[in-house]
Amino acid sequence: MKQEKMMPEVVLQDIKKPCDDCSIAAMQATLINSSSQLPLAPDTGIHLHHIIFFNEGVADLVCPEMGERFFGSGDARWTLRWNSHGDYGYKVKAQHRWDTVIEMMNDGKWEGEVEIKVLFEIDTGTSEVRPVWLDATGCGRSDVDVKSTIEPFKYTTPEWISSVSGILLDIAAHQHDGGIDMTGYLNGDQLCRSTQLYSSQTTEQHISAVGVCKNIGRIRPGDRLWSEARYDPVLHHLTIHHRHPDPVMASMGIYIGIE
């Protein structure tokens, strides 16, 4: 990857699945050096802006006109685990088709070939997990324009009314640099605050981890879910290219163990 370069977003269709007629207990996406096959250290300046997986064989709970958004990650590179509180897993069928959307960035001086490595833990889980994807754009492309470069601002996702019943297994947010946190609400009460954590990189601080809420209650048909994302460009720098701030994201994945 060339230094100081933003890679255009890439859409890969009908990618290879890790298995057929199986259950995925955990997933993680990371960046590795193609030559050494070792993870790229943060101080290289290589960033996984975002990666989102779609299952075209299942309708999305929030946006049924599109394939199910079941995994997303960025620089936080968190491990999404569904079986911490029971025999749960994300179901994969032979007829399912997976697509993915990827964007990377290099704001350092390192050059070389980069690979995205996605790790899967396959289990015999018999209980189904369904994702609820709350996004500032609703059913859009997820990118939203920055509201300000000099003061804090917020985004609120559309409300989703639950059609399922189950356990709230795992909740985490995806934001870009400048993000502070994202808070999910259930029927008006705070459900989870997923905080963005920063560490020093080559030139400035970037998101390197994210707070995850696990096993925090139940949801029933008719319950209302939404979330609010906070950004503060004074506290944490936005990503700037050609003197203009890049669009940002405000997405929250809520994973339900279906009962």
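**Cavities, strands and disulfides**

Guide: The structure holds 2 cavities of 30 Å³ or more. The model is predicted: local features need pLDDT of at least 70, side-chain atom pairs count only at pLDDT 80 or more, and totals for chains, interfaces and linings use all residues. Residues are numbered from 1 along each chain, and side-chain values use heavy atoms, with hydrogens and water left out.

Visitor: What makes a space a cavity?

Guide: On a 1 Å grid over the protein atoms alone, a 1.4 Å probe fits at its points but cannot get out. The largest cavity has a volume of about 150 Å³, where volume means the space filled by probe spheres set on the points, joined across faces, edges and corners.

Visitor: Which residues lie nearest the centre of the largest cavity?

Guide: They are His49, Asp75, His174, Gln175 and His176, out of 19 lining residues. A lining residue has an atom within 4 Å of a point. β4 (46–59), β13 (166–175) and β16 (205–210) each give two or more residues to that lining. Strands here are DSSP runs of E, at least two residues long, numbered from the N terminus.

Visitor: What is known of the second largest cavity?

Guide: About 100 Å³ of space lies in it. It is lined by 14 residues, and among those closest to its centre are Trp133 and His174. Strand β22 gives the largest share of the lining, 4 residues.

Visitor: What makes β22 largely enclosed?

Guide: 8 of its 9 residues are buried, so the rest of the structure largely encloses β22. Buried means under 20% relative accessible area, exposed over 50%, and partly exposed in between, with a 1.4 Å probe and protein chains only.

Visitor: How do you know that β10 and β22 pair?

Guide: Strands pair if DSSP finds at least two bridges between them. β10 (127–135) and β22 have 7, in the antiparallel sense. Leu134 stands opposite Met252 in β22. β13 and β22 also run antiparallel, joined by 9 bridges.

Visitor: Why is Asp21 called exposed?

Guide: Its relative accessible area is 55%, so Asp21 passes the cut-off for exposed. Asp21 sits in the loop between β2 (10–15) and β3 (22–33). Its phi is near 50°, a positive value in a residue other than glycine.

Visitor: And why is Gln37 called partly exposed?

Guide: Gln37 has 42% relative accessibility, so it counts as partly exposed.

Visitor: How do you know that Cys19 and Cys22 form a disulfide?

Guide: A disulfide is a pair of cysteine sulfur atoms within 2.5 Å. Cys19 and Cys22 are 1.7 Å apart, S to S. The torsion about their S-S bond is about 60°, so this disulfide is right-handed.

Visitor: Which cysteines form a left-handed link?

Guide: Cys63 and Cys139 do, with -90° about the S-S bond. Their sulfurs are 1.9 Å apart. The two residues are 76 apart in the chain. Cys63, at 0% relative accessibility, counts as buried. Cys139, at 37%, is partly exposed.

Visitor: What makes Cys192 and Cys213 tie parts of the chain together?

Guide: Cys192 lies in β15 (189–200) and Cys213 in β17 (213–214), so the pair ties together parts 21 residues apart in sequence. Their sulfur atoms are 2.1 Å apart. Both Cys192 and Cys213 are buried.

Visitor: How many disulfides does the whole structure have?

Guide: The search finds 3. They follow the pattern 1-2, 3-4, 5-6, with bonded cysteines counted along the chain.

Notes: 1 Å grid on protein atoms, 1.4 Å probe; cavity = no way out; pocket = protein on both sides within 12 Å on 5 of 7 lines; lining within 4 Å.
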